[in-house]
Amino acid sequence: MFAITKLFPQTEMRNALTDWTESWGQSWHKTFDGHDDAYVQYGRDLGIILQAHGKRAMETAQQNAKANLETWQQVLDGMVSPALPQAWWEYLVDGAQRTVLYADAMRERGNHFVEHEEGSNRTVLSWEHEIVVDGSKLERPVNYSLVRIVPPEGVTVREDGRPYIIIDPRAGHGSGIGGFKHASEVGAAIHGGHPTYFVTFTRMPMPGQTLADVTAAEADFVREVRRLHPNSPKPVIIGNCQGGWASMLLAATNPDITGPVVANGAPLSYWAGQKGKNPMRYLGGLVGGASTVHLLSDLGNGLFDGANLVFNFERLSPSNTWWEKYYSLWDKIDTEVPRFVGFERWWGSFYYMTTDEIAWIVENLFVGNRLGRGKANLTERTHVDLRDVNSPIIVFASHGDNITPPQQALGWIADHYTGVEEIKARGQRILYTLHPSVGHLGIFVSSSVAKKEHEEIVSTLKAIEALSPGLYEMVITEERGEGVEKTFKVAFAERSIEQMMEQCGGDDSDKPFATVARFSELSTEVYDLAIRPFIRAMTNQATSELLANASPMRLQRWLASDRNPAMQPVKDLAAQVREQRQAAPDDNPFRQWERFNAGLVTQWWDGVRDLQNALIEWNFNLLWGAPQVQALGERLAVTVAESQPREDLRTLTEVQDALDRIDLGTFADGVIRMLIFLAHSRKEVRRSRLERSNQMLLATEPFASMKPKHRTRMIHKETLVVGYEPEAALATLPKLLRTEDERKRALALCEQIAGPREEMSRETIDMMNRLALALGEEPVAILGDDSGAVRRIA
């Protein structure tokens, strides 16, 4: 046994590295003491960046060293074996065969790419589907279509159930990733019995296509779904990544036709993030802003190549891009090929945008962040204000997402609303859920996420409109069971905007990004006036195709396809290898040695990534964080919540109208008011209680005969009454519930919705008693002893 791990005292090493990093950071900060405040903050910001990246690099190196020493020990132990020559031969045969099979997998990937480039519009949707609306035939033609998912055998869909419309990201790739697997968003919706629709798009946009045209087409899709399901509630709109902001655009500009909106990993506030993290948001400030996409679009003869966006994504994780995914394929060649080829068929299918489309996206989202700041215009006559979305919004984000971190998914809320009181005053319901670790693609691809988060979101949406206005965290905890039988407990905890942002990890200053946005506006004007005419004069279809085909993203796939004569013998050779496959066992010492060295390569590439991220953030802040430079963008750093005068929300028309009618209403108003009192007393709402509330609204008179919009307005009104005048709201309850029978029935309904008494909290029981006393009835129940037992009052 080689006791190598004893050579390195791990705890002492970690403590020494941590102490050095903290000491260095403190010394850097002291360097700027006594200087002008703006420059002190500038220097400290740079110090924080270096300290954060340095500390992370040292901790990672220490963890890798410890893990490597332990693995190295196991590898050396395996090398002490009399059967080593036999193991070596097995490894050589296995390695040669894996190389052939690996080449065949790359050839298959290349052939899929060639098929796509030559005009195939096949998606990666794994579900049978049929076209409902062809967007190219609309009055404003686009390259989008609406398809309906055909239920698989044994699955029954209720035609009067709430329809689901899923919008996939158009970020350089094709559509279908939201239905890439059986366990997916599509699977969660259709197995819940919902009519399920998917928005797809083809490789080439229609001539002159704009984002406004796309949004108008998506609105037409929603209207068609509503026409096909006249007895169903408004459809749920689910948007993945870039499809998330597209869903919000749709709901903000067409609030009367859309139902709840679910934004999965959707970047809505591009400037938001933490120092030392989230490197992708800095790229716009280092590549020239919007003028760069204008140049690339002109070189593409009026089209922007999606391969450029995919390349940016790949640059975020060089270890996976250049090594890990290929080694994983080679290592598990007998089982990994279908997954690798299937995913690469989506990842390597590059789609185009028009100049107008990509320019709007960059100027209003990536660099300008106008949508997140409440300053975006879809057209000259169409202003986009996310506060106009009047359907419930669910935001799903993850701390493990390096493309859309939680701050970018949720920061728009802090930028649009002065506080939760304004959210309630506007009648909005915003829910969010934070995953601790899943990556960006895992949010809408991972089977485990589909089983837990997406299925619970689908279940929640059945009753979400019974929730009173406010900001809630959707807390999902494991309840019982294992595997596919596992069930979850869901609750909706009231949160303030400050609590939400603290959970995200906080947000740093927007000023450097505002400076970049202003510089982008100026440089784009200079480019359009002085450079664009010459670029366009030198560009035609032939030069644009030559430039696209010379892209490394395309060239590597062309060379691995059957179009390369050198690859044509690989298919037959691979078939022979499969017939004579001799895989080395996992405990083969040379296989273990190979995996150990592969891990070292991955760690090296991760080190390159960390260095790259540190340099990107440092250079961005060094250039754009200087006080005299930030003055350029000071005007753009103001959000919609900051730009408007702080008004007393009680003066809003909706609030005044509700308070003026505090003592007016019927039995239904009284019951809703009582339920809101109960919800506020607990500070959270269990989904089981929300479902019972929704069942009452749908099946119990007088609620059942009401139109959904009437019920929503009633809940909004009573939320305002309870929020602004709780004592008066309680005192006027008898004026809403005028008879003895109404009061007893209302108390019985509230107790039924609250659930079994043994599950009631102390706060719930106290509020039930206050409601009963306000109505002149006997208290419903009291707490017994300290154990929490509940007994009926005689």
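**Burial, salt bridges and pockets**

Visitor: What share of the 794 residues of the protein chain counts as buried?
Guide: Of this chain's 794 residues, a given share counts as buried (under 20% relative accessible area, with exposed over 50% and partly exposed in between, for a 1.4 Å probe and protein chains only). This is a predicted model, in which local features need pLDDT of at least 70 and side-chain atom pairs pLDDT 80 or more, while totals for chains, interfaces and linings use all residues. Residues are numbered from 1 along each chain as its sequence is written, and side-chain values use heavy atoms, leaving out hydrogens and water. The buried share is 53%.

Visitor: How many helices and strands does the protein chain have?
Guide: Both kinds of element are DSSP runs numbered from the N terminus: helices are H or I, at least four residues, and strands are E, at least two. The protein chain has 32 helices and 17 strands.

Visitor: Which helix holds both R98 and D94?
Guide: The side chains of R98 and D94 meet in a salt bridge (a side-chain nitrogen of Lys or Arg within 4 Å of a carboxyl oxygen of Asp or Glu), at 2.9 Å from N to O. R98 has a relative accessible area of 1% and is buried; D94, also with 1%, is buried. The two residues are 4 apart, about one turn of the helix, and the helix that holds both is α3 (residues 84–117).

Visitor: D104 and R578 form a salt bridge; how many residues apart are they?
Guide: The closest N and O atoms of D104 and R578 are 2.8 Å apart. The pair links distant parts of the chain, with D104 in helix α3 and R578 in helix α21 (residues 570–579), and the separation is 474 residues.

Visitor: Is R578 buried, partly exposed or exposed, and which class does D104 fall in?
Guide: D104 has 4% relative accessibility, so D104 counts as buried. R578 has a relative accessible area of 47%, so R578 is partly exposed.

Visitor: How many salt bridges does the structure hold?
Guide: The pairs already described include R98 with D94 and D104 with R578. For the structure, the number of salt bridges is 45.

Visitor: Which element gives the most to the lining of the largest pocket?
Guide: A pocket is an open set of points, on a 1 Å grid over the protein atoms alone, where a 1.4 Å probe fits, with protein on both sides within 12 Å along at least five of seven lines; lining residues have an atom within 4 Å of a point. The largest pocket is lined by 49 residues, and R429, E465, P708, K709 and T712 lie nearest its centre. Two or more lining residues come from each of α16 (447–461), α25 (653–660), α27 (687–699) and α28 (708–724). With 9 residues, the element that gives the most is α28.
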